[in-house]
Amino acid sequence: MPLHLFGIRHHGPGCARSLRAALDELQPDIIVMEGPADAQEVLAQGAHAQMIPPVALLLYPPDEPRRAVYYPFTRFSPEWQALRWGAAKGVPIRLMDLPQSLRLAQPTPATTGTPPLSPNPPEAAAANPAPAAQPDPTSAEDGPPPADRAPDEDFDHAVDNLPWRVDPLAQLAEAAGYRDHELWWEQQIEQRANATGLFAAIFEAMRTVRDEFPETLDRDLLREAHMRTVLRAVRKQGYATIAVVCGAWHAPVLDETALDGKRPGCKVSEDHARLKGLAKVKTTATWIPWTHSRLTYRSGYGAGVQSPGWYDHLWTSRESAATRWITTAARLLRERELDASAASVIEAVRLADALAAMRELRSPGLAELNEAILAVLCHGQPAPLQLIHDRLEVGDVLGQVPEDTPAVPLAQDLSRLQKSLRLKPSTMSQPLDLDVRKEIDLARSQLLHRLGLLRLDWGTHRSSGGRTSTFHELWQLEWKPELAVGIIEASVWGNTVELAAAARVIDEATRAEALPEVSGLLHRAVLAGLAGAVDPLLTQIQSLAAVGTDVRHLMDGLLPLAQLARYGDVRQTPAGHVEPIVVGMLERIVVGLGTACAALDDEAAQRMQESLGRVSQSLDLLNRDDLERDWRQALRRLMEGGAHALLRGWCCRVLLEKGALDADELYRRARLALSVVNPPAESAAWAAGLLKGSGLVLLHQEGIWEVFDRWLSELSAETFVETLPLLRRAFADFTGPERRQMGERVRHLSTASTGGPSRSATAPGVEPIDLARARVVLPVLAQVLGVPVTPDPS
Amino acid sequence: MAKKTPATAPATSADSPLQSKLRQHAEQEFAAELEALAAQDDRQKPPGWNLSPWAVKTYLLGGRLADGFEVSPKYVGNGKLVEIAVATLATDRALLLYGVPGTAKSWVSEHLAAAISGNSTLLVQGTAGTDEASLRYGWNYARLLAEGPSTKALVPSPMMLAMESGQIARIEELTRIPSDVQDTLITILSEKTLPIPELNQETQATRGFNVIATANNRDKGINELSSALLRRFNTVVLPPPDTLEDEVAIVSRRSEQMGRALELPCEKPALEEIRRVVTIFRELRNGLTEDGKTKVKSPSGTLSTAEAISVIAGGMALSAYYGDGQLKAGDLVSGMVGAIVKDPVQDQVVWQEYLQTIVKERDDWKDWYRAGRSAS
């Protein structure tokens, strides 16, 4: 029999190992693999020495790169092993699956608004209206080709699979008494030490299942028809030994009987009829680097591998995989300065073994190992386990592709944009002056900002030089050759510059821990015109704001949001969603303000005052009476409470400006704050707070100057010198004319309070002035003031 | 060895009716189940164990035996945790049950000891005043003076008895025990021996001996375990109930029972109010709203299921004595604030934020919002 079928599970390390052994034994003349036939040309490049998995075979219509389809390969993928085996032995490899050129041409329902390729769930969830867009985990492991899980694929999975065909593994696992189908396969196949007869057994099992539950899905019937057609052609070419590597589900309909057309539904004529007259689109294929994290379910279109790191580990350390896994985990913990002694490792291994025994497993699986690590090494704390999950179970592995790989869609998109925006890449450094009111300049600016978000620093943004207008942007452009590599790396984020930048910025935001970081990203996303990223970023801001304990972060993050809410911006960013978030943040600020302002030292109070200023500014922008009222109440509480004197003084001032504090109260507060019983430094800080900002408001507050004056004159010489620098600083911010007017005021004040009749004359108990004696000094006074002496009227 | 009844185990003779006791030990209350399990247990038992690990698991999680005997579930929750606990004990490692108050730690520990050793009474209650004698041995001073140091003058601790008889010793609230006393455990756990220098003897642990300790991670003023000691335990964290429905069911059943026990002239609490109380508790505890969309701050208190029950019970009493007998938001909210605001500054912020950002937005929660505003 020339045809040898190897039904595998995509990305199963056990399958991969068994497949290699089987190929070594069989020594086939040709290997026929499941995989789109139109990728045949670039397939050979997979054998290139510089190709380091995880990588993905990428097929896309050149004019519509966002509809790309990915076929990821990892070190432990059976297909990858077959590919490498073939390359090493010089055995040709043929792809037999239905070409994507035909599949992409199939009418895809409502995929025009295809969600961007996102490496993380929030964006996928936010951008994708279809709730069923996540791949069905139970279906991900068998039949479908290696990883045809581009979003539109998911979509049609979701649509035409509503009565999803029977999950063959589920049937078998349930028959074997397992509830967890994944676990069943793991135990039965992947962890099996002796692989003899494995493929025959899989084949038998699948045949039984398919007899019970025949394939009904048109798309898969079409694919299988194509596979058979290719196999028939290969057989005709007269190869002696043919190895066929395909998903286990397909194996039963690809055997000799099926090829001879003797299996029901597999007649040659039927296959012809199915494949006839299909529409076709042009596709381009290439390789791109892939990451482990994008193989998981987490990425929204994973290839059905939950723990690529674990599979990779299984692949590399066959012997004592459990012990090595725990040891690696312990080393990782030690790296992070967490205790993980060798003795604990031993105990963890023992516990994992005991758990496996209790669960009647051959050897501990990932679940047992995780539980043992949690109980022994992490002392029940989930946080270090999460670290192990991220770093080991998923892993941070990034693949590599050779330099001469055909251009990725992202690069094509970029060159298309460069052409249409008339921005030629040049290695010469040259300036670019943009006026973002013009459409083309706006698009250019957005492109440069997007590239910046992708760490492709073609242009550096410079401050707008002499011009202060907001619509001018000054850039320095310099194309560096290494940017080409950067583009390939960035292509994991998406296939167009816009999608990739959005995906990247969202990913960064999900990793960010502090609110100002995310509002910074939001600012950049707005500049880059990434409308799709704004909502997810706002969501992230909201959730960080909810748990953030640092009220100052909230306060500092508020202003850019308020600006966005008030003005939208010149760049026509949709900003309707911003206001509720701003309101929520403000409510939290108001609630937490009292605590945040308690027990501050001078420096912290200074910073807090600046943050308070920003909030006030934001409120002025928003112009909402209810918020304004809350804010005033909060400031009043702050002013009356025990906050730092600087803040209390500042609150007084703001309330005065807003007309929420009348002159009498200001006078009363000033007297209290500047009373001699207070430490002079505190009084000085209060005064400094009151004097922040414009001086005009205070100029006409008669009482305040009186209090100032009294306070200053009552200071002892020593404390006066001490407080002098502080006061000097407080007054230094006023403009010259303001200072002069204040001086006038004080001069007038001093005459008024010492000898002026305005107040003292009315006060009881003051002796009436002896006019005769006063008149005696008038000539001298006139001399001093330089005014002519009026002759005595009497 | 394991079958030997230790001296401290209470006599369970026929003439002291168990029914008059307020509470029975696990091995007495569930004697029939343990017997049925033992009778059908044909699997391998670790040395010194009464039951095999599989039977112990069935005892805790409940199930139907081959002959149709129904074993009631003792622990409702993640079965994997029980598996880890049993596997830990089977590998001779000490077990530390860790978690917030009110998550059935002591309950699980008692039942594990009952199932494994048939005796859950070898118990050391950890307090700030627990001394070495409660973990090692004390002396009968009259004898000591009369006869000098001898085995007869020695008063063994539950720990020592457990070592001699090869049973499970339990330590409650391990973190309340002063650190220097905790250190006593290190030798016991690693060398499995208890030296008695006064007699130049030692007590070596019989197979089957092990230690289950419980500790909670919320209290302040506790003595954190040294890493040397922590290393000798496998830690299993018992979490609060998984789903809203589970918790609502537990709370409504228990609060109904409490209402009956207190003979409150009040109507059965409305499921809707219970659901809201549990929702508030869960959302604040998890720091996330039930729809998973909005994050909220968590207060410093535990907000355990047990506290939710007492809030409902308190509300029932309030409405029965001072209200119209119908459980309303106003009756519940004061108890609620008391449960949530443990730290007058930080928690107040948390509660206010929650009221303003979550409760206010929910249309059918207006009464709670009003009650919450007026209560604070």
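In the predicted model, chain A contains an open sheet of 3 strands. The strands are arranged in the order 8-10-9, and their pairing is antiparallel. Strand 8 (430-435) and strand 9 (459-462) of chain A form the edges, each pairing on one side only. From one strand to the next, the twist averages 30 degrees.

Strand 8 of chain A is joined to strand 10 (residues 472-477) of chain A by 6 bridges, and these two strands run antiparallel. Within this part of the sheet, Leu434(A) stands opposite Glu473(A) of strand 10 of chain A.

A pair of helices was examined in chain B. Two packed helices are described by the angle between their axes and the distance between the axes. For helix 2 (residues 31-40) and helix 3 (residues 53-61) of chain B, the axes come within 10 Å and cross at roughly 150 degrees. Angles over 145 degrees count as roughly antiparallel, and helix 2 of chain B is therefore roughly antiparallel to helix 3 of chain B. The crossing of helix 2 and helix 3 of chain B is right-handed.

Helix 2 of chain B contributes Glu33(B), Leu34(B) and Leu37(B) to the contact, while helix 3 of chain B contributes Ala55(B), Thr58(B) and Tyr59(B). Sorted by class, the residues in the contact of helix 2 of chain B with helix 3 of chain B are 4 nonpolar, 1 polar and 1 charged.

Technical notes:
Residues are numbered from 1 along each chain as its sequence is written. Chains are lettered from A and ligands numbered from 1 in the order in which they are written. This is a predicted model: local features need pLDDT of at least 70, side-chain atom pairs count only at pLDDT 80 or more; totals for chains, interfaces and linings use all residues. Two strands pair if DSSP finds at least two bridges between them. Helices (H or I, at least four residues) and strands (E, at least two) are DSSP runs, numbered from the N terminus. Axes are lines fitted to C-alpha atoms, for helices over the stretch in contact, and angles run from 0 to 180 degrees between N-to-C directions. Angles under 35 degrees count as roughly parallel, over 145 as roughly antiparallel, 65 to 115 as roughly perpendicular and the rest as oblique. A crossing is left-handed if the near helix is turned anticlockwise from the far one by less than a right angle, and right-handed if clockwise. Two residues are in contact if their C-beta atoms, placed from the backbone, lie within 7 Å. Ala, Val, Leu, Ile, Met, Phe, Trp, Tyr, Cys and Pro count as nonpolar, Asp, Glu, Lys and Arg as charged, and the others, Gly among them, as polar.
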